[in-house]
Amino acid sequence: MTPSAQTVIDAIRAASDPKRAQKSMRFFKTGPGQYAEGDVFWGLSNPQARAIAKQYTGLNRQNLALLLEHIVHEVRLVALVILVNQYKKAKTQQGKKAVFEFYIAHFNRVNNWDLVDISTHHIVGDYCYHFPSNLMSQWIESAHLWTRRIAVVACLYFIRKNSFEQILDYCVRLKKDPEPLMHKACGWMLREVGKKDIDTLRKFLELWGKDLPRVTLRYAIERFPEPERLAMLRQTRLP
C-alpha cells in the first residue's frame, strides 16, 4: 500500500510522549510573545523522528506538503527529515533541484531553529554549493527570522568544504540583527570555521570581534584555550 500523510501522522502519534511534549513546549519557547508562540508538540525524540522518516522516504510531495502544513511540530520535523533523505538519494541534478525547490517553497513551515538545523545544510547548503546563485545572500536580508537562519546554517555545508568567504560575509552583515537566535547561529558557524581553520577565525575576530554581538563571539571562541578565550573577551569589550 502506498504510504499517506495520515500513515506517517499515526506513526508519530503512536510514538509520542506527553511528558516530553511538555518539556519541548518550554524548551522551544511556545509561550505568548515567544519565537514559537502557539507551536504544538506531541513529544518525539530526534532518533524516533529519524526512524519514522526512514520508513517513509518514498512519500510523495503531495503528502509531504500535508505534513509540512500540520500544526504539530514533530510532524513537520519528520517531513523535513524525509526531504533530506530524498535529497541524498537523488542521483541527478534535476532530482536534487526538485527537492531543493520544494523545500524553499515551504520556508514558512521550517519555523523553528531545530527544523532549520536538522535540514537546511543538507539541502540548501549542498545545492547552493554545487549550483551557485545569489539566493542565500538575498535570504539573509529577509524580514523572516527562519529564512535568515536557513541562509546562515546552510553555510555549514560550505564550511565543511573549506569554503569560508560566504559565512564570514554573512556574520558581518548580520552583526546588528535583532534576534538572539541569529547571533547564536552566526557564532555556531564561526566555531565551525575554527574547527577547519583556526587562523582564519582568529584573523576574522581580530578584525570584527568588537562589532559582533557578545553571544556570537562567545559561541565562536568556545573551543579556544581558556587563556586565549578570556583575552579575546577582554580585547573585544567595548569601552
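Me: Is Pro47 buried or exposed?
Reply: Pro47 counts as exposed, because its relative accessibility is 60% and the cut-off for exposed is over 50%. Keep in mind that this is a predicted model.

Me: Which element holds Pro47?
Reply: Pro47 is found in helix H3, and that helix covers residues 46-55.

Me: How far apart are Pro47 and Thr7?
Reply: In space, 19 Å from C-alpha to C-alpha. In sequence, Pro47 and Thr7 are 40 residues apart.

Me: Salt bridges next. How many does the count come to?
Reply: The count comes to 12 salt bridges. One of them joins the side chains of Arg76 and Asp39, at 3.0 Å from N to O.

Me: Which parts of the chain does that pair link?
Reply: Distant ones. Arg76 is in helix H5, residues 73-89, while Asp39 sits in the loop between H2 and H3. The two residues are 37 apart.

Me: Are Arg76 and Asp39 buried or exposed?
Reply: Arg76 counts as buried, at 1% relative accessibility. Asp39 also counts as buried, at 9%. The cut-off for buried is under 20%.

Me: What about Lys195, which residue does its side chain meet in a salt bridge?
Reply: Glu192, with 2.9 Å from N to O. Both residues belong to helix H11, residues 180-196, and because they are three residues apart there, about one helical turn separates them.

Me: And how accessible are Lys195 and Glu192?
Reply: Lys195 is partly exposed, with a relative accessible area of 43%. Glu192 is buried, with 12%.

Me: What does Arg202 pair with?
Reply: The side chain of Arg202 meets that of Asp199 in a salt bridge, 3.6 Å from N to O. This pair lies in helix H12, three residues apart, so about one helical turn lies between them. Arg202 is partly exposed at 26% relative accessible area, and Asp199 is partly exposed at 44%.

Me: Which residues of H14 are buried?
Reply: Ala231, Met232 and Leu233 are buried in H14, a helix that spans residues 226-235.

Me: Now the surface. Which residues form the positive patch?
Reply: Lys19, Arg20, Lys23 and Arg26 form a positive surface patch.

Me: Where is Arg26, and how accessible is it?
Reply: Arg26 is in helix H2, residues 18-27. Arg26 is exposed, with a relative accessible area of 57%.

Me: Last topic, backbone angles. What is phi of Lys29?
Reply: Phi of Lys29 is near 55°, a positive value in a residue other than glycine. Most residues other than glycine have a negative phi.

Me: Where does Lys29 lie?
Reply: Lys29 lies in the loop between H2 and H3. Lys29 counts as partly exposed, at 35% relative accessibility.

Me: And phi of Asn162, what is that near?
Reply: Phi of Asn162 is near 60°, which is again positive, in a residue other than glycine. Asn162 is placed in the loop between helix H9, residues 145-160, and helix H10, residues 165-173.

Definitions and conventions: Residues numbered from 1 in each chain as written. Predicted model: local features only at pLDDT ≥ 70, side-chain atom pairs only at ≥ 80, totals over all residues. Heavy atoms only, no water. Patch = residues over 30% accessible without salt bridge, like charges linked within 9 Å, V, L, I, M, F, W, Y side chains within 5 Å. Areas by Shrake-Rupley, 256 points an atom, 1.4 Å probe, with all protein chains shown as cover. Salt bridge = Lys/Arg side-chain N within 4 Å of Asp/Glu carboxyl O. Lys, Arg positive; Asp, Glu negative; His and termini not counted. Charge placed at Lys NZ, Arg CZ, Asp CG, Glu CD. Helix = DSSP H or I, 4+ residues; strand = E, 2+ residues; numbered from the N terminus. Buried < 20%, exposed > 50% of the residue type's maximum accessible area, 1.4 Å probe, protein only.
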